Amino acid sequence: MRVADHRFRFLSHEALLGAFVLAEVAYFGVRGVNFFTVGNVFEVARASVEIGLLALGLTAVILTGGIDLSVGSLLGLSAVLMGAAERSLGLPVSLACLAGVTVGVLGGALNALLVARFDIPPLIVTLGTFSLFRGLAEGWTGGVRNYTNFPESFLFLGQGRLPGGPPPQLVLFLVAALFFWLLLHHTAVGRGLRAIGFSPQGARHAGIPVRRRLALVYLLSGLMSGLAAVVYAARLGQAKADAGSGFELFAITAVVLGGTSIFGGRGTVHGTLLGLAAVAVLQNGLRLADLPAELAGLFTGVLLIAALALGRLVSRRSHE
Amino acid sequence: MGLALVALVVFLAFRAPGFFAPGNLRDLLVSNAPVLVASIGMTLVILARQIDISIGSQFAIGGVVAGLLAKAGLPMPAVATGTVAAGAFLGALNGALVAGLGLPSIVVTLATMVLLRETLRWATEGVWVENLPAGFQWFGLGQGPGRVAVILASLLAFAAFAWALRHVAAGRAVYATGSEPEVAHLVGVRPRRVVFGVFVSLGALTGLAALLTAIQFIDVQTNAGVGLEMKVIAAVVVGGTAISGGRGTLVGTLLGVALLGAIGPALTFLGTEAYWERALEGLVILLAVAAEAFGRRRK
């Protein structure tokens, strides 16, 4: 019975959020200029891919009851070292991209080591690597160097259009989203992550290799930072030390807004996609409707608290 | 942790004695006084098993409030009271959502961080508070005595809270709430009140930190305090306070602020590029917590 109740609750959270996104679209469709065009839809998608990739990785992390504050900093470090590999070392751009993604994975491995092996709370570990990764990027570039003049073929990934108009990075994002959806909702590993989030002790007794699973989610989160770094550099045509500053907070917002519990155990990939859409449509719509951009942050904050309070009310009722 | 600080001090004494010139030490104390004040409040919040990442936005609002009150012609004591009260009000907002509604503090304060920052930007349109009255900068005391006043204010706040945390029932209730909320409740502590109280204290102290910063400059920047939360939480954690609540001391926090605050200037005195400051900061945080984890394991 309780399981059924929980499932009902997920449905209602995501249904409510979906309804909110539709309401946003309807409102801005009337108020905004050129909001309802295919081109605009693709531009919203293009602008959201980096945060979206980070949010996918964070969904898995938060599902286990963890957190990763270092994703934005790791994006910056990966982007800078990718730029250095391409511009300074003169590596072919494909190898440079590989280097950038590898940096992401290595950064994730450091988080994984400290969280899963040394049992240090993830909030503290990733607070430390938040400073470390950004600091390494700043130190490497001397705070000023900016890598630009990337080859056209690379820039196409971030700025080009596929036949029919969709941005190329959208394909990458959809593949990543599908991967996370399958992993979290249709594999034993995904169920294990949920179990860890509910109770690490219980999961261990149930025979789930908790350390290995925790290591996996931080590695995946690092991988997403590396991929997001490549997309970021290709979209903006530059890589410098402040790349991705504050992205961790946007990504966490999308995840939590999407109904993933910050304590772990509950959450879905489609919820995260809806949370991402809610924030992205808001930002784009306000701009096209010529309303102050600051309203986006204001509404996002209110929305986040409202979603939490609502979830709290519903869970109280179901417990009674 | 204390050892790390001693090691740094000895190393600097040999390699860069200029670091210990009275002028440099005084500058160091003045520039870190606001961080210390905010870290006191953050220690209380983390001891009570909560967290607040919205203090950067609270700090920005505090500075603007101080500037506007001063421009309105209020005397300095009234400006100070108003700024601290504004901070306490913002802290109460977080406290009500966390303690009143029982929402997780990390998400609540993530939301209020964005909300407060964007509201401030909307209200001020990013324009700095300029043309402050002559009596505002350095409390109208002039630079020399003003600096002493900033240092004294921060140390006074530190001493008051360090004493209260040990010797007043409310202070011990913070530890009780952070270690075992259910048990605390049974022995007569009201965890919700304590949680509300620590958020209000942090807000008030953040307001004070904003004031101590604002009076050091000609204008009040409206985008101040970005990233302050990370700096402050790092100092508390390096100072040995457990993120899981109930364990930690304000003396540890003081050492944490000193260690992290000394890294940047120390790099400059050692002739290394200051760009590596953040990386070293991150390394210090990781080493501090890894050392603690190893210590725990050995026991």
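**Exercise 1. Decide whether A:Leu132 is buried or exposed in this predicted model, and find its surroundings.**

*Solution.* Start with the neighbour count: A:Leu132 has 26 C-beta neighbours inside 10 Å. The cut-off for a buried residue is 20 or more, so A:Leu132 counts as buried. Now look at its contacts, setting aside neighbours within four places in sequence: A:Leu132 meets B:Ala279, B:Gly282, B:Leu283 and B:Leu286. Finally, compare sequence with space. A:Ser70 is 62 residues from A:Leu132 along the chain, yet their C-alpha atoms are 8.8 Å apart.

**Exercise 2. Describe the side of chain B that touches chain A: how many residues take part, and which elements give two or more of them?**

*Solution.* Begin with the totals: 39 residues of chain B and 38 residues of chain A make up the contact. Then turn to the elements of chain B. Helix H5 (105-124), helix H10 (228-238) and helix H12 (277-298) of chain B each give two or more residues to this side. The largest share, 13 residues, is supplied by H5(B). Last, sort the chain B residues by type: 27 are nonpolar, five are polar and seven are charged.

**Exercise 3. Find the largest nonpolar core and the residues with the most contacts inside it.**

*Solution.* First, its extent: the largest nonpolar core holds 198 residues. The residues with the most contacts inside this core are A:Leu54, A:Met82, A:Ala251 and B:Val37. Next, its main contributor: helix H10 (residues 210-236) of chain A provides the largest share, 16 residues. Now zoom in on A:Ala251. Not counting residues up to four places away in sequence, A:Ala251 touches A:Ile51, A:Leu54, A:Ala55, A:Leu58 and A:Val71.

**Exercise 4. Work out the overall build of chain B: how many helices and strands are there, and what is the radius of gyration?**

*Solution.* Count the elements: chain B has 12 helices and zero strands. Along the sequence, this reads α-α-α-α-α-α-α-α-α-α-α-α. For the dimensions, the C-alpha atoms of chain B fill a box of roughly 55 × 50 × 35 Å along the principal axes. Then apply the globule rule: for 299 residues, a compact globule would have a radius of gyration near 19 Å, and the 19 Å of chain B agrees with that. Check burial too: 50% of the 299 residues in chain B are buried. To finish, take the contacts in chain B between residues at least 6 apart in sequence; 78% of these join residues at least 24 apart.

Methods:
Residues are numbered from 1 along each chain as its sequence is written. Chains are lettered from A and ligands numbered from 1 in the order in which they are written. This is a predicted model: local features need pLDDT of at least 70, side-chain atom pairs count only at pLDDT 80 or more; totals for chains, interfaces and linings use all residues. Two residues are in contact if their C-beta atoms, placed from the backbone, lie within 7 Å. Helices (H or I, at least four residues) and strands (E, at least two) are DSSP runs, numbered from the N terminus. Ala, Val, Leu, Ile, Met, Phe, Trp, Tyr, Cys and Pro count as nonpolar, Asp, Glu, Lys and Arg as charged, and the others, Gly among them, as polar. A nonpolar core is a set of buried Ala, Val, Leu, Ile, Met, Phe, Trp, Tyr and Cys residues joined through C-beta atoms within 7 Å. A residue is buried if 20 or more other C-beta atoms lie within 10 Å of its own, exposed if 12 or fewer, and partly exposed in between; C-beta atoms are placed from the backbone. The radius of gyration is taken over C-alpha atoms; the globule rule is 2.2 Å times the number of residues to the power 0.38.
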